[in-house]
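These are my notebook entries on one chain. I record what I looked up, entry by entry.

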Amino acid sequence: MNPLASLPAMCAFQLLALIVGASVWSGTALAGGDAPPLDWSQARAVPIVTGLEGPANFALAPDGSIWYAEVYRGNLSSFDSVTGLRTVRHHVNSVASGDERGLVGFALDPAFEANGVFFLYYTEPTLNASAGLNKLVRIEDGRETVLALIPGAEEHNGGRILITPDGTMFVSTGENQLRWPAQDPKSLLGKVLRMTLTGEPVAGNLEGLVFSKGHRNVYGLAYDPGTKELWATENSGWRRDEVNIIRERGNYGYPECEGLGLNGVSTPCPTDKGYTEPIMTFYENGSAAPTGATFWRGEFYWASLREGSIHHLWQDAGAWKDEIVYKTEGMLLDLHEAPDGASLYFSTWEGISRLDVPSIERDHTPQAAPRLAGVPGLSILVTLAALVLAFVRVRPRA
Ligand SMILES: [Ca+2]
């Protein structure tokens with residue numbers, strides 16, 4: 001038996017040796033709406049914060065600074081983009097590190113500029129060294145308020161935090177490799193949670209904080225500002241990683257069903273249990289270990305830890321298409337759209353980079369005199385000369 005076949009899709013962060021070092025993909029991709037298409041072959045990553053240790057989550061603050069959480073160190077720090085100054089803003093004193101535990105989740109409050117509030121999701125050690133307790137906390141003026149306690153394990157702890165513009169907080173949890181708690185609405189394992197910014201359940205939830213169930217280990221959340229839908233990447237079993245649109249009270253099938261209608265490799269997925277299927281499943285031959293996800297230019301992008309790649313998922317004539325548009329060395333951990341929408345930012349184990357992707361120029365110039373680039377006014381002179389010649393040719397000879 002292939003030992004890799006038993007690996008969970010969301011492997012330990014140290015799976016560096018399995019990562020495929022690669023180069024830039026050479027194609028182009030169309031963006032949504034009227035945006036000009038992107039030339040991914042010319043994508044360029046600009047390192048912004050370097051020398052880090054596992055920034056599994058980062059956020060781009062309104063003042064231009066970058067806040068990042070290093071998963072095993074338990075440090076939340078800020079980076080001033082102008083001065084380069086780094087400041088540790090919060091340290092989790094007691095953090096269980098290793099595997100998929102640690103400071104695994106972080107988000108800024110929507111009113112962060114005014115109130116300085118942020119949220120963390122971290123694993124605290126327990127007497128059972130192979131377990132842990134995941135704490136979702138709100139931090140104001142350095143004081144922690146616990147919003148939720150979720151059982152922990154070496155793997156499948158979830159931990160992404162996403163706050164939508166209306167101030168609703170979504171949090172992903174893993175199923176601790178225990179499988180069936182994902183179907184129990186009274187368990188916080190294997191769920192997407194929905195709550196207010198003070199940790200209160202939102203009306204319409206399945207049970208308490210539980211917004212949706214039947215998840216294995218969601219570690220990517222993104223908000224579509226156009227449709228106002230919540231999207232999630234999910235680490236499923238080998239060859240069955242998923243992208244889902246998460247709906248209120250939805251059941252996403254785990255552990256009975258993973259991927260598009262397959263359990264194992266041949267058993268059909270039950271159709272009488274109301275499971276919501278993913279919009280996309282990966283792969284036939286491996287595991288991507290999806291991490292960060294974001295909307296950019298109206299379309300969905302997600303990061304793969306194991307490939308070190310950024311995927312673009314879009315609809316073409318009603319069918320979902322997925323394409324790797326960028327690859328980097330090492331593991332990709334988190335992905336965000338820049339506040340001005342001009343670029344993407346991503347984190348690897350070592351740091352945070354900005355990804356600049358030029359648009360393919362569209363030629364809107366009407367058929368007219370040729371433009372001679374770089375010589376101002378020369379095209380006008382050429383046009384005038386052509387007109388004079390035409391006048392001389394049509395003038396009747398004496
Ligand atoms: Ca599923």
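I began with two terms: strands (E, at least two residues) and helices (H or I, at least four) are DSSP runs, numbered from the N terminus, and two strands pair if DSSP finds at least two bridges between them. I noted that the model is predicted, that local features need pLDDT of at least 70 and side-chain atom pairs pLDDT 80 or more, and that totals for chains, interfaces and linings use all residues. I count residues from 1 along each chain as its sequence is written.

**Entry 1: the chain.** I found two helices and 26 strands. I call a residue buried if 20 or more other C-beta atoms lie within 10 Å of its own, exposed if 12 or fewer, and partly exposed in between, with C-beta atoms placed from the backbone. Buried residues make up 39% of the 398 residues.

Entry 2: I looked up an open sheet of four strands, which runs β14-β15-β16-β19 with antiparallel pairing. Strands β14 (218-224) and β19 (280-282) are its edges; each has a single partner strand, so one side of each lacks a neighbour in the sheet. Strand β16 (residues 241-246) pairs with β19 in the antiparallel sense over three bridges. Which residue of β19 stands opposite E242? I found T281 there.

**Entry 3: a second sheet.** I then traced the order β10-β11-β12-β13, an open sheet of four strands with antiparallel pairing. Here β10 (161-163) and β13 (210-212) stand at the edges with a single partner strand each. Two bridges join β12 (residues 192-195) to β13 in the antiparallel sense, and L193 has V210 in β13 as its bridge partner. I also recall that strands of a sheet pair through backbone hydrogen bonds, either parallel or antiparallel.

**Entry 4: the core.** A nonpolar core is a set of buried Ala, Val, Leu, Ile, Met, Phe, Trp, Tyr and Cys residues joined through C-beta atoms within 7 Å. The largest one has 81 residues, and F106, L120, F170 and L193 have the most contacts inside it. Strand β7 (residues 118-124) gives the largest share of this core, five residues.

**Entry 5: F106.** I located F106 in strand β6 (residues 103-108). Why is F106 counted as buried? It has 26 C-beta neighbours inside 10 Å. Beyond four places in sequence, F106 touches (C-beta atoms, placed from the backbone, within 7 Å) several residues, including A69, L120 and I161. The C-alpha atoms of F106 and A69 are 6.8 Å apart, although 37 residues separate them along the chain.

Technical notes. Two residues are in contact if their C-beta atoms, placed from the backbone, lie within 7 Å.
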